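Subject: Structure handover

Hello,

Here is the structure I promised to pass on. Please open it first, then read my notes below.

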Amino acid sequence: MFDSLKKKLSDAIKSFSKSEERKVVEEAKEEEKAKERVENGGMQENKEHVPQRNSDDKHDAREKNERSDKGIKLSVSTNIKKAIFSNVKLSDSDIDNFTDQLRVSMLESDVSFEVVEDFSEQVRSLLGGRKLSSKNLQEELVGTVREALLDILKPSANAIDLMSFIPERIASGNAPVKVLFLGPNGTGKTTTIAKIAYALKNKGMHPLLSASDTFRAAAIEQTEHHGNAVGVPVIKSSYGADPTSVAFDAVAYAKAHGNDVVLIDSAGRQETNKNLIGEVQKMHRVIKPDLTIYVGESVSGGMIAEQIAEFNKFIKIDGIILTKLDCDAKGGNSISISKVTGIPVLFFGTGEKYTDLVPYDPAKVVDMILPSAG
Ligand SMILES: Nc1nc2c(ncn2[C@@H]2O[C@H](COP(=O)(O)OP(=O)(O)O)[C@@H](O)[C@H]2O)c(=O)[nH]1
Ligand SMILES: [Mg+2]
């Protein structure tokens, strides 16, 4: 998960902070040499050539002058130590250099261009107004990148917490709550539905599954297998049956048996397949799901945003679940998809077990991406 992005960002931060640290030391040495020249030769004008770092060291400078006035000469290493412990403000070109390195790391990891731009603007504005401790530069830069990432990942106004949305709907008399899942073939829809059923059941709800993928060989058996494994009923028909009628039966069964959530599977389809899109549109029209969730693979690179946008033209998608994050070294989609599509991410699938479902939480995503502090 995020292995390559994590490494790239970490390398970029490390190499930038190392080069800045070297600069601080070099400048302290230069300053010391210039001071020695002044002291030895009384060449006051040389002071103009002392590289001026944009530092917070006025107090230190005063102290140095006072000390040298008294004839106490600071050693080079003392000055270097002082420089290292000082606060620095990065110059505009330093910040450009740093954000360029970050931008490349993110673009190479499939983060969308507009999100990368937002992110680097955010880093730029944070660094522009900030004094950093040159001793802990690396940690401070990690902290800044963390803040900028949290900002681009912050939940949108239309964010949905499924695990509170469903009980709230039930409490307000809207049971059974109907959730329709759709998306391309093989993305993990059926597995994800089972994971959600498992989580809902553990929270005291009574979900059931509608085996509305009547199209693909073995899909019904697969849904039954998952239903048995997590201990929830599966409503099914035969292959080739109308998926809408299966969902309709599932809702009727839920009403009759007190099941408060109906999780509706569907056959995988491409956004370009008009017949299959028509079929799921019918299901949407007849069943009127409380929520429609797109299940897509995190690994599918830049094209997923276009697929979702295309689906959304036909059926309003309320939320996205990105699966197979565990197989995705880049992870760019998980960072950008919500901002690019305007549709919130609800969960990440992180493996094949029923517990491998992680609610969308910016702080957790950032923890997965950035090297831990220290
Ligand atoms: N590694 C990994 N595999 C997953 C994840 N979600 C689903 N899968 C696997 O992806 C394959 C397709 O899943 P399935 O639920 O049948 O996809 P569907 O065709 O969309 O219903 C199966 O082998 C699942 O075990 C995930 O988050 N991580
Ligand atoms: Mg399936």
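This is a predicted model. The mean pLDDT of the protein is 86. Of its residues, 87% reach 70 or more. One stretch needs care in reading: over residues 57-74 the pLDDT is below 50. Beyond near neighbours in sequence, that stretch has 16 contacts in the model.

**Start of the chain**

Begin with Phe-2, in the segment before H1. Phe-2 is not a glycine, yet its phi is positive, at about 60°.

**H1 and H4**

Next comes helix H1, residues 3-41. H1 packs against H4, residues 92-107. The angle is about 165°, and the axes are 8 Å apart. Angles over 145 degrees count as roughly antiparallel, so H1 and H4 are roughly antiparallel to each other. The crossing of H1 past H4 is right-handed. On the H1 side, the contact is made by Leu-5, Lys-8, Leu-9, Ala-12, Ile-13, Ser-15, Phe-16, Glu-20 and Lys-23. H4 brings Asp-94, Asn-97, Phe-98, Gln-101, Leu-102, Ser-105 and Met-106. By class, this contact of H1 with H4 has eight nonpolar, four polar and four charged residues.

**A salt bridge across the chain**

The count of salt bridges comes to 22. One of them joins Lys-8 and Glu-108. Their closest N and O atoms are 2.8 Å apart. Side chains of opposite charge can pair when their charged atoms come close. The pair links distant parts of the chain, 100 residues apart. Lys-8 sits in H1, while Glu-108 is in the loop between H4 and H5. Lys-8 also takes part in the H1 contact with H4.

**H5 and its two partners**

H5 passes H6 in a right-handed crossing. From H5, the contact uses Val-115, Asp-118, Phe-119, Gln-122, Val-123, Leu-126 and Leu-127. From H6, it uses Leu-141, Thr-144, Val-145, Glu-147, Ala-148, Leu-149, Asp-151 and Ile-152. Sorted by class, the contact of H5 with H6 has 10 nonpolar, two polar and three charged residues.

H5 also packs with H13, residues 332-341. Here the angle is about 100°, and the axes are 9 Å apart. That makes H5 roughly perpendicular to H13. Glu-114, Val-115 and Asp-118 of H5 meet Ile-335, Ser-336, Lys-339 and Val-340 of H13. This contact of H5 with H13 has three nonpolar, one polar and three charged residues.

**A cis peptide bond**

Last, go to Pro-176. The peptide bond from Ala-175 to Pro-176 is cis, with omega near -5°. Pro-176 lies in the loop between helix H7 (162-171) and strand S3 (177-182).

Best wishes

Note on methods
Residues are numbered from 1 along each chain as its sequence is written. Chains are lettered from A and ligands numbered from 1 in the order in which they are written. This is a predicted model: local features need pLDDT of at least 70, side-chain atom pairs count only at pLDDT 80 or more; totals for chains, interfaces and linings use all residues. Side-chain values use heavy atoms; hydrogens and water are left out. A crossing is left-handed if the near helix is turned anticlockwise from the far one by less than a right angle, and right-handed if clockwise. Helices (H or I, at least four residues) and strands (E, at least two) are DSSP runs, numbered from the N terminus. Contact means heavy atoms within 4.5 Å. Ala, Val, Leu, Ile, Met, Phe, Trp, Tyr, Cys and Pro count as nonpolar, Asp, Glu, Lys and Arg as charged, and the others, Gly among them, as polar. pLDDT is the predictor's confidence in each residue, from 0 to 100. A salt bridge is a side-chain nitrogen of Lys or Arg within 4 Å of a carboxyl oxygen of Asp or Glu. Axes are lines fitted to C-alpha atoms, for helices over the stretch in contact, and angles run from 0 to 180 degrees between N-to-C directions. Angles under 35 degrees count as roughly parallel, over 145 as roughly antiparallel, 65 to 115 as roughly perpendicular and the rest as oblique.
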